[in-house]
Amino acid sequence: MDSENSQTNQSVKAPQPEQFVSKPGRAWYRFWAEVIDSYIAGLPVAVLLILFIYLTGGNTQQLESDDPSTATLIGYLIGTIIYVSYFVYFIYKKGATIGKDAYGLTVFSLKPSKKLTLGQVILRELTVILV
């Protein structure tokens, strides 16, 4: 009986770790993940805009400079910083934003054994905005 157990134990192989296989996420998954993330990232911008209008009594003219485009430019700049910060933070810390995570999508380095650097994530997000 001992010989049977020893033969059985020798024939059982330890499970091999799975090879890392990456494949692009489905287009609709990426689309809906982006929609979710846009709402989440856009919410703080909308709240700040509502507070701005409320605090100025609905009269935004008093805070504008001689060039009306200055206030608009500052608004776009602040909105862009908040929006990009959301993506950079979650992708750098967790490898996925809330929307991407909901659909099982992740962002990773070309070398799967390495974590994305902060510089790579910032460059990625700025490229997405510019393209």
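A charge sits over a ring if NZ of Lys or CZ of Arg is within 6 Å of the ring centre and within 35 degrees of the ring normal. Select lysine 115 and tyrosine 92 to see a case: the charged end of lysine 115 sits over the ring of tyrosine 92, 4.7 Å from its centre.

The model is predicted, so local features need pLDDT of at least 70 and side-chain atom pairs count only at pLDDT 80 or more, while totals for chains, interfaces and linings use all residues. Residues are numbered from 1 along each chain as its sequence is written, and side-chain values use heavy atoms, with hydrogens and water left out.

**Whole chain**

Show the chain as a cartoon. The secondary structure comes to five helices and zero strands, in the order α-α-α-α-α along the sequence. Helices (H or I, at least four residues) and strands (E, at least two) are DSSP runs, numbered from the N terminus. Switch to a surface: the accessible area is about 10,800 Å², and carbon and sulfur atoms hold 63% of it. Accessible areas come from the Shrake-Rupley method with a 1.4 Å probe; for residues, only the protein chains shown count as cover. Of the 131 residues, 17% are buried. Buried means under 20% relative accessible area, exposed over 50%, and partly exposed in between (1.4 Å probe, protein chains only). Among contacts (heavy atoms within 4.5 Å) between residues at least 6 apart in sequence, 66% join residues at least 24 apart.

**Aromatic pairs**

Select Phe, Tyr and Trp next. Rings (for Trp, the six-membered ring) pair if their centres lie within 6.5 Å; planes under 30 degrees apart count as stacked, over 60 as edge-to-face and the rest as tilted. The count comes to seven aromatic pairs. In one of them, tryptophan 28 and phenylalanine 31, the ring centres are 5.6 Å apart and the planes stand at 85°, so the pair is edge-to-face. These two lie three residues apart in helix H2 (residues 27–55), about one helical turn. Tryptophan 28 is exposed at 61% relative accessibility, and phenylalanine 31 is partly exposed at 40%.

Tyrosine 29 is partly exposed at 34%, and tyrosine 103 is partly exposed at 30%. Then select Tyr83, Tyr86, Phe87, Tyr89 and Phe90, which form one aromatic cluster.

**Charges**

Go to lysine 100 in helix H4 (residues 98–102). Lysine 100 is buried yet has no salt bridge; aspartate 37, the nearest side chain of opposite charge, is 4.2 Å away. Lys and Arg count as positive and Asp and Glu as negative; His and the chain ends are not counted. A salt bridge needs a side-chain nitrogen of Lys or Arg within 4 Å of a carboxyl oxygen of Asp or Glu. Beyond four places in sequence, the contacts of lysine 100 are Ala33, Glu34, Asp37, Leu105, Val107 and Arg124.

Move on to arginine 124. The whole structure has one salt bridge. Arginine 124 and glutamate 125 meet in a salt bridge at 2.5 Å, N to O. Arginine 124 is partly exposed at 31%, whereas glutamate 125 is buried at 5%.

**Serine 109**

Finish in the loop between H4 and H5 with serine 109, which is buried at 9% relative accessibility. Leaving out residues up to four places away, serine 109 touches Lys114, Leu116 and Gln120. Its C-alpha atom is 9.6 Å from that of valine 121, 12 residues apart along the chain.
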